[in-house]
Amino acid sequence: RQRRKHRRAMLSLASLVLACFLAAHPAQRVSAADCEVDFTPAQPTGNAIDCGGCNFRRDANGVLYRNRNADGGLACPGCTSLPLFGFVITGFAPNVFCSLDEVVEMDLSDNAIGSIPSEPFEEMSALKTLKLHSNGMRALDSNAFDDLNELVNLTLHDNVLEPAGAGMPYGLFDDTKALENLELNDNPTLNGTQAFVSGIFANLLELTSIDMPEDSCVPTDSPQNVLVAIAANDPTLPGCIATPVSPPTDAP
């Protein structure tokens, strides 16, 4: 019994020490100085775009990089709107958007971004508007929009997103629960009854406006607010049973 009392006392003391340590050392956001970014492209071409003292430019292959600011650091204070449209971007250097937690709007439209990889925007916690239209884009990774909890407006129109979950996979919108406006029109490859994977819109409970591709269909397993938003823009679209999610395959 004495040993049990002693053990409980030690556990209480350890909990108290841990609480004091956490109070004295609160969790810190990932700082710009911690970003592992390739800041100097080997062959910078064209004009640079400045935002909050940070210098964005692409290399000869169209890969977007971010250089250090004038002080040699990585912070971009005051960078709230990032206009990267028409910059002939084809892809992103690792962590190029790291710690841009003040950016509210980013425009990546009218480039040549064929796909969006996993978690490129995860540090952009304040982002509300993301424009990705007119890129000839074929696919997005299922984690492309991870951590974009504040995203309200998303444009994906005028692309060639592949159907049946290949271009817009299940789980794509898991973290974008605040999304209100979504533009998918002018994606000619998203057509017929195989356009969308089952459950693709399941988490978009705040959505009020959506422009669907012509010749596509309305996934009948969508939330009621999504069905209402689709009908408001195009009441002629037929309903359909979306493509089932393919179960994961075991590695050999």
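This is a predicted model: local features need pLDDT of at least 70, side-chain atom pairs count only at pLDDT 80 or more; totals for chains, interfaces and linings use all residues.
Start with the charge pairs. Side chains of opposite charge can pair when their charged atoms come close. The count here comes to three salt bridges. In one of them, the side chain of lysine 131 meets that of glutamate 105 at 3.4 Å, N to O. Lysine 131 sits in strand 8 and glutamate 105 in strand 6, so this pair ties together parts that are 26 residues apart in sequence. Lysine 128 pairs with glutamate 150 at 3.7 Å; both sit in loops, so here the linked parts are 22 residues apart in sequence. Glutamate 162 and arginine 138 meet at 3.1 Å. This bridge runs from the loop between strand 10 and strand 11 to the loop between strand 8 and strand 9, so it ties together parts that are 24 residues apart. Glutamate 162 is partly exposed at 26% relative accessibility, and arginine 138 is partly exposed at 41%.

Negative charge also turns up in a surface patch, where Asp110, Asp158, Asp186, Glu214 and Asp215 gather. Aspartate 186 belongs to the loop between strand 11 and strand 12 and is partly exposed, with a relative accessible area of 44%.

Then there is helix 2 (residues 224-233), whose buried residues are Val226, Ala229 and Ile230. These cover an arc of only 100 degrees around the axis, which means they lie on the same side of the helix. Exposed Gln224 and Ala232 are on the face turned away from that buried side.

Valine 218, in strand 13, is buried, with a relative accessible area of 10%. Valine 218 and proline 238 are 20 residues apart in sequence, with their C-alpha atoms 6.0 Å apart in space.

Technical notes
Residues are numbered from 1 along each chain as its sequence is written. Side-chain values use heavy atoms; hydrogens and water are left out. Patches are made of residues with over 30% relative accessible area and no salt bridge: like charges are joined within 9 Å, nonpolar side chains (Val, Leu, Ile, Met, Phe, Trp, Tyr) within 5 Å. Accessible areas come from the Shrake-Rupley method with a 1.4 Å probe; for residues, only the protein chains shown count as cover. A salt bridge is a side-chain nitrogen of Lys or Arg within 4 Å of a carboxyl oxygen of Asp or Glu. Lys and Arg count as positive and Asp and Glu as negative; His and the chain ends are not counted. The place of a charge is taken as NZ of Lys, CZ of Arg, CG of Asp or CD of Glu. Helices (H or I, at least four residues) and strands (E, at least two) are DSSP runs, numbered from the N terminus. Buried means under 20% relative accessible area, exposed over 50%, partly exposed in between (1.4 Å probe, protein chains only). The arc is that of the directions from the helix axis to the C-beta atoms.
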